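Welcome! Have a look at the structure below, and then we will walk through it together.

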Amino acid sequence: MKYRLPFNLPAAGVSALAMALALPASAQGVVNVFNWSDYITPEVLEQFTEETGIQVVYDVYDSNDTLEARLLAGASGFDVVVPTATFMQRQIAAGVYQLLNRDLLPNIANMDEALMNAAATHDPGNEHGVIYMWGTTGIGYNIDMVAERLGEDFEVDTWDMVFDPEVAGQLADCGISWLDSPTDMFPAAMAYLGLDPQSTEAADFEAAAELLQSVRDTVRYFHSSQYISDLANGEICVAVGWSGDVLQAAERAEEADRGVNVWYAIPSEGAMQWFDMLAIPADAPNPENAHAFINFIMKPEISAEITNYVWFPNANAAAFELVDEEIRTDPAIYPTPEVTETLFTGVTYDSRTDRLVTRLWTRVRTGQ
Amino acid sequence: MNRLSDNALWRATARGFAAIGITGRTLVIAIPMLWFLVFFLVPFLVLGRISLAEAIIARPPYTPLFERAADGTLSIIASLENYWFLWQDTLYRNAYLSSIRIAAISTICALFIGYPIAYFIARSPEPRRTFLLLMVVLPFWTSFLLRVYAWMGFLRREGVINNMLIWLGVIDQPLVMMQTDLAVYIGIVYTYLPFMILPLYANLTKLDGALLEAANDLGASPVVTFFTVTLPLSLPGIVAGSMLVFIPAIGEYVIPALLGGPDTLMIGRVLWDEFFSSRDWPVASAVAIVMLVLVVAPIMWLQSTQDRRELD
């Protein structure tokens, strides 16, 4: 290599000069991404920087509440955020997001129309966001520990696992965790009771709260991300969790090879299907880079790469064939049409319902 | 420019400042005052103002303080409704009481553990004393969060303590220690123990040895000497240490969130819920203001009684 040095030296000097000149104007600059924890593969970010020259500043959260507080405070400094569609609807009303510029998003043609239409119930015309990943809220469980307590033949695809006092009571000793997310837990409880999971009636929430309270003593803890590692370590045996997170736990358990077997079930009484959306805050410092990032994610091969890593399905029709067969054919990740029939989507609550839900949730969680 | 005129210039400047009321003394006080204004009073006023508003879906998510009506009249919108709301719902009262209880029990535990340690260090010969003090302060060199996570490793079902006890044959089933109140007490006492030890140590090293000798000469046993001489004289240290543990423990959020169970009710968590889950900044602000008053009022009372005692 040594002999090439003299030739490269001026070039290096020129490019350094160019960089120095470019820096103040931040020609390529950065994109500040705020996404859920364990929700992307780091290689994708590197590939994005390689292709566009835009640096990615990446930060994570584990609840919609955290994201919303940052956005409502204003001047969050983020260019791309990933709210769940139900939360996004209210945030749009608060004026948090800017309209997407479709001219900068040619890859939007790859998206699955049916799923985008489902998301459009929260964001009419998909004007503010495109689907990043989607998933279901169901039950993650330790196969052996559950079989040991309930018998080999027990059908695990039921909310009985956590909401039936008798069944949950038998599982309590090996550890049950619930999502610390009332907007996931209340609709699940309503579905179990045979109520409309999209209800916003106070009486239905009271009924759901009563059910949850009757089994809360079986719950080891309420948390929305801790269960991933705890399921994988055998620290807990049942978790109400998000599909891909549970399956990540299953994969980690398999990699660790310590005899822990984890799997995911979509309860037959009905489970929530949710969409996480890529959106751009109204005051994003680099909106063009944000569009470039979103467009990059919508490339079929990139969407597939992320799904192969996080085990959440994407909404990219062109990417489906590129997803590993093992994942693409797994009904726990891509539910079968029959199961899809039983899924329901979330609703956005008004502020009175919100307060009721939070209050009831505190009562469930603390017994107060 | 020679030294003399330099000096004269300086004096003239000082006189100029004095004329408009700025003296050396005000300049010295200015820094802490400014600090107090910027980092306490202004945020406190902002909180107070938000606590009088009403939550709405907007950015920021609360009603403005002033509203200009169509005819141009400016009206102030403020209500104490949020405070009334806190008073009506037993949740908040219980959360305040439970926080005070957890903080009080932790403080007492820290005192019982910290006092003997401080006493021992204060009685140690010089080189060893420095070393022991260093050992007390050493944990501060690692992140607080990391230390709490380390406790999770100890207390877990498959954690160090359970594995050790099972290996020793003391228990066959792992004990459930995580997500209990016990874990919260352990976390708080462990974290704040140095704040108890250091003021006690400072107090105990200043204890006049002649007093102890006098007590001994007059026939008091070591135990009697401790309770009649050492303990009363170390009371200011006990008060200072207890305050340093009690006050931050009341508002503690991280330790109960990581180590505590679902029924560990503390005001820090309730505040978090109001702010993040209910998205009700006004009520969250009211919770914070009430907490501040609850913590500050007893300290001010204590301070004033102490001042009075010193005057007597």
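In chain A, the elements α3 (64-73), α4 (85-93), α9 (182-193), β9 (272-279) and α17 (351-366) each supply at least two residues of the lining of the largest cavity. Helices (H or I, at least four residues) and strands (E, at least two) are DSSP runs, numbered from the N terminus. β9(A) gives the most to this lining, with five residues.

Before going on, please note that this is a predicted model, in which local features need pLDDT of at least 70 and side-chain atom pairs count only at pLDDT 80 or more, while totals for chains, interfaces and linings use all residues. Residues are numbered from 1 along each chain as its sequence is written, chains are lettered from A and ligands numbered from 1 in the order in which they are written, and side-chain values use heavy atoms, with hydrogens and water left out.

A cavity is a set of points on a 1 Å grid over the protein atoms alone where a 1.4 Å probe fits but cannot get out, and lining residues have an atom within 4 Å of a point. The count comes to five cavities of 30 Å³ or more. About 460 Å³ of space lies in the largest cavity, a volume being the space filled by probe spheres set on the points. Of the 39 residues that line the largest cavity, A:W36, A:N64, A:T84, A:D184 and A:W242 are the closest to its centre.

## Where the chains meet

How many residues of chain B are in contact with chain A? There are 31, and they touch 37 residues of chain A, with contact meaning heavy atoms within 4.5 Å. The two chains bury about 3,000 Å² between them, 50% of it on carbon and sulfur atoms; this is the accessible area (1.4 Å probe) lost on being put together, summed over both. In chain B, the residues that lose the most area to chain A are B:R59, B:P262 and B:R279, together 25% of what that side buries.

Across this interface there are 10 salt bridges, each a side-chain nitrogen of Lys or Arg within 4 Å of a carboxyl oxygen of Asp or Glu. Two of them are shown here:

| Chain A residue | Chain B residue | Closest N to O distance |
|---|---|---|
| A:R359 | B:D89 | 2.5 Å |

Definitions and conventions: On a 1 Å grid over the protein atoms alone, a cavity is a set of points where a 1.4 Å probe fits but cannot get out, and a pocket is an open set with protein on both sides within 12 Å along at least five of seven lines; lining residues have an atom within 4 Å of a point.
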